[in-house]
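Open the model in your viewer and keep the selection tool at hand. This tour moves from one selection to the next.

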2 protein chains.
Amino acid sequence: MSKLSKPKYQQLKEHIIATIKEEQLKPGEKIWSENELANKFQMSRHTVRQAIGELVNEGWLYRIHGKGTFVDRRPDREVRQARTIGVMTTYLNDYIFPSIIRGIDSVLSPKGYNIILASTYNKHEKERLCLEKFLNTELDGLIVETTKSALPNPNLDLYRQLSHSRKIPIIFIHGFYKDLDYSYVVEDDVEAGYLATNHLLDLGHTRIGGIFKSDDIQGHYRFEGFSKACSLKGLEVCSSRILWFDTEQAEEKLGGCDNEQLDRLFEECSALVCYNDQVAMKVLDRARSKGINIPEDLSLVSFDDSQLAVASEVKLTTVAHPQEKLGEEAARAILQMIAGKKKYHAIKMKPQLIVRGSSCEYKERTGE
Amino acid sequence: MSKLSKPKYQQLKEHIIATIKEEQLKPGEKIWSENELANKFQMSRHTVRQAIGELVNEGWLYRIHGKGTFVDRRPDREVRQARTIGVMTTYLNDYIFPSIIRGIDSVLSPKGYNIILASTYNKHEKERLCLEKFLNTELDGLIVETTKSALPNPNLDLYRQLSHSRKIPIIFIHGFYKDLDYSYVVEDDVEAGYLATNHLLDLGHTRIGGIFKSDDIQGHYRFEGFSKACSLKGLEVCSSRILWFDTEQAEEKLGGCDNEQLDRLFEECSALVCYNDQVAMKVLDRARSKGINIPEDLSLVSFDDSQLAVASEVKLTTVAHPQEKLGEEAARAILQMIAGKKKYHAIKMKPQLIVRGSSCEYKERTGE
DNA sequence: ACAGACAACTTGTACGTACAAGTAGTATAA
DNA sequence: TTATACTACTTGTACGTACAAGTTGTCTGT
């Protein structure tokens with residue numbers, strides 16, 4: 001026998017599998033006895049037993065002591081589990097995340113992937129629970145919206161476990177952790193902040209205030225763009241015109257800042273950059289109740305271009321968030337990572353200013 | 001050797017397993033060679049091989065040709081797959097479904113369940129694809145928002161397959177198929193329609209129009225409540241004041257009805273019942289552009305009490321949708337069904353009228 | 001007609017041998 | 001110093017034998 005030939009028991013295995021596949025042997029039928037096979041193929045019974053033993057293990061055959069060996073259900077007839085991608089977001093019902101999830105779904109669903117949802121409510125403890133649950137799940141990939149991305153993350157150990165031990169590709173959206181060099185898809189928030197602020201500067205405003213979120217990295221970046229735009233025009237950023245809020249404050253009251261703080265901003269500024277449309281709605285409401293007209297008395301620019309931006313009578317000037325597109329990009333990236341085509345993705349999406357009715361040229365306020 | 005004693009290879013297997021369990025051998029460590037074992041236990045190498053072969057198959061050990069045999073992860077150490085519930089909705093980013101999903105998540109997540117998302121875009125073909133994907137997934141339960149619930153469903157065969165063959169508990173939300181006697185959790189939409197319409201009747205309106213969705217059963221029920229309220233007050237439902245739209249029209253343009261149709265309603269009616277907040281926003285916008293004041297010239301009542309209802313300068317009078325609560329109820333029901341505690345759930349949640357600024361008492365229109 | 005013994009088959013356990021082939025470290029030669 | 005060969009160990013393949021034990025049908029004596 002030449003050295004190239006396969007082991008005898010392997011040959012016998014393949015012969016039996018082929019016979020079953022050709023349906024010459026059907027499930028439940030008795031196959032030849034071990035001695036018959038040994039004679040037929042000129043091998044010892046031991047070798048036959050080895051072949052049949054493995055086939056039993058693989059689910060092709062089963063044996064009954066004293067009766068014989070029979071054909072089992074074919075193992076490859078088993079339905080394959082659909083593949084799954086985990087998606088971890090901060091909020092499920094916040095106004096833009098549903099769109100991102102929809103974008104992810106539109107790419108993954110046609111490829112036969114399931115999406116497993118988890119939400120952290122922007123809390124590190126919840127994030128940890130979600131990650132632990134994902135460790136108990138057979139995942140093919142993970143898309144993560146960063147939780148409290150501006151703060152140090154206490155759950156990096158679990159991320160590493162998923163990524164390094166379990167070899168699950170991970171991609172971050174809406175931010176990334178500096179300690180981990182994982183792939184990410186983000187909006188260029190510095191640019192977004194710059195666009196929003198520069199729009200107001202171009203309209204002649206000089207007393208520009210801002211409301212930003214302190215515990216999400218997006219808030220920091222948008223503020224960075226805000227500062228950049230100001231300093232390029234030779235304006236100093238006045239800290240009394242900047243309001244910071246965080247997740248906990250935002251949960252207590254929509255918009256995250258109270259009326260007294262807003263009223264102070266109204267007095268000091270002719271224009272406001274709002275962290276997102278939700279904040280802008282809060283500002284709009286307060287301004288309405290104080291008799292301040294938007295945009296005549298106060299120009300507003302916000303971020304995200306959500307449904308809210310066009311819901312009100314004053315349509316909001318906002319810097320558009322790619323939303324669905326961002327979800328699609330993240331989904332496409334993770335598919336490439338799963339296929340092993342491209343390991344590292346660092347995608348920054350360009351924001352776009354949409355001018356609507358909430359901003360106008362600066363005019364001296366007269367009625368005060 | 002007495003007849004009662006176990007086979008030698010079986011004894012060896014048990015000895016090795018015990019050694020691993022006592023952690024005298026840890027994962028990755030090399031165990032004794034086949035010859036060592038044969039000598040140690042006074043058996044032939046063949047018998048040792050049989051024992052080790054079975055342990056390899058059971059996941060306790062692995063062999064490397066030429067190196068030795070090593071301890072694998074313990075099979076009973078395998079983390080159990082987290083249990084999963086499928087959630088199938090029509091839209092992922094529509095304004096109330098995120099809240100429902102959040103409600104579901106808030107109940108299931110703490111119990112260690114994963115949520116697998118799928119969305120049908122309110123199309124029967126997509127629904128079929130989703131159901132087929134669920135058939136290829138190991139599910140413990142399924143929560144379904146009915147797709148085009150007012151039309152006959154062509155996918156009942158797959159629902160039956162999941163329910164009867166696969167024994168997966170299914171619960172419907174937002175409607176149910178009359179041909180299947182499955183559990184459901186719904187809002188009492190007839191009552192909701194009645195509350196909305198009766199509110200307008202109480203305010204003295206007599207020329208009341210309505211905009212309803214034709215291919216979702218909710219639209220039918222809300223219209224039923226509308227009719228009921230009218231006839232109880234002795235008013236006839238005038239078909240020229242009723243507008244019907246469907247999924248496809250709603251996708252083309254937000255709100256699902258065009259301006260000419262709305263203008264006609266404005267002329268004929270002093271009050272409108274809108275299928276949901278989105279429709280009401282569309283009506284509000286058109287009314288604004290025609291110089292029609294809400295609520296002075298036209299009272300509006302809508303359904304769902306979403307974010308949109310309070311986004312505009314005119315806060316909407318709506319019949320509140322239980323949203324998160326409905327999701328929670330559905331999740332709790334499916335957990336009971338999985339536990340085998342209660343097989344059939346038919347939960348109807350009471351709607352609640354929230355009076356805001358978009359509706360007021362009827363006054364003769366003067367300025368025409 | 002029926003129970004029980006028996007034969008002939010099956011798979012299961014257990015022993016033996018031999019050599020092939022992969023791995024790792026050591027000794028040897030260039 | 002480096003490449004090569006060798007050795008000693010490992011598991012993998014393959015042959016042989018023997019008997020135990022479960023299943024089935026047949027033969028036999030009552």
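Buried area is the accessible area (1.4 Å probe) that two parts lose on being put together, summed over both. Color by chain: chain A and chain B bury about 3,500 Å² between them, 48% of it on carbon and sulfur atoms. This is a predicted model, where local features need pLDDT of at least 70, side-chain atom pairs count only at pLDDT 80 or more, and totals for chains, interfaces and linings use all residues. Residues are numbered from 1 along each chain as its sequence is written, chains are lettered from A in the order in which they are written, and side-chain values use heavy atoms, with hydrogens and water left out.

**Stop 1: the interface**

Select the contact (heavy atoms within 4.5 Å). Chain B gives 41 residues and chain A gives 42. Two salt bridges cross here (a side-chain nitrogen of Lys or Arg within 4 Å of a carboxyl oxygen of Asp or Glu). Zoom in on K315(B) and D285(A): this salt bridge has its closest N and O atoms 3.1 Å apart.

Now show the helices and strands of chain B. On the side that touches chain A, α3, α4 (97–108), β4 (114–119) and α11 (277–289) of chain B each supply at least two residues. Helices (H or I, at least four residues) and strands (E, at least two) are DSSP runs, numbered from the N terminus. The most comes from α4(B), with six residues.

**Stop 2: a pocket**

Select R49(A), Q50(A), G53(A), Q50(B) and G53(B). Of the 19 residues lining the second largest pocket, these lie nearest its centre. Show α3 (45–57) in chain A and in chain B: each supplies at least two lining residues. A pocket is an open set of points on a 1 Å grid over the protein atoms alone, where a 1.4 Å probe fits, with protein on both sides within 12 Å along at least five of seven lines; lining residues have an atom within 4 Å of a point.
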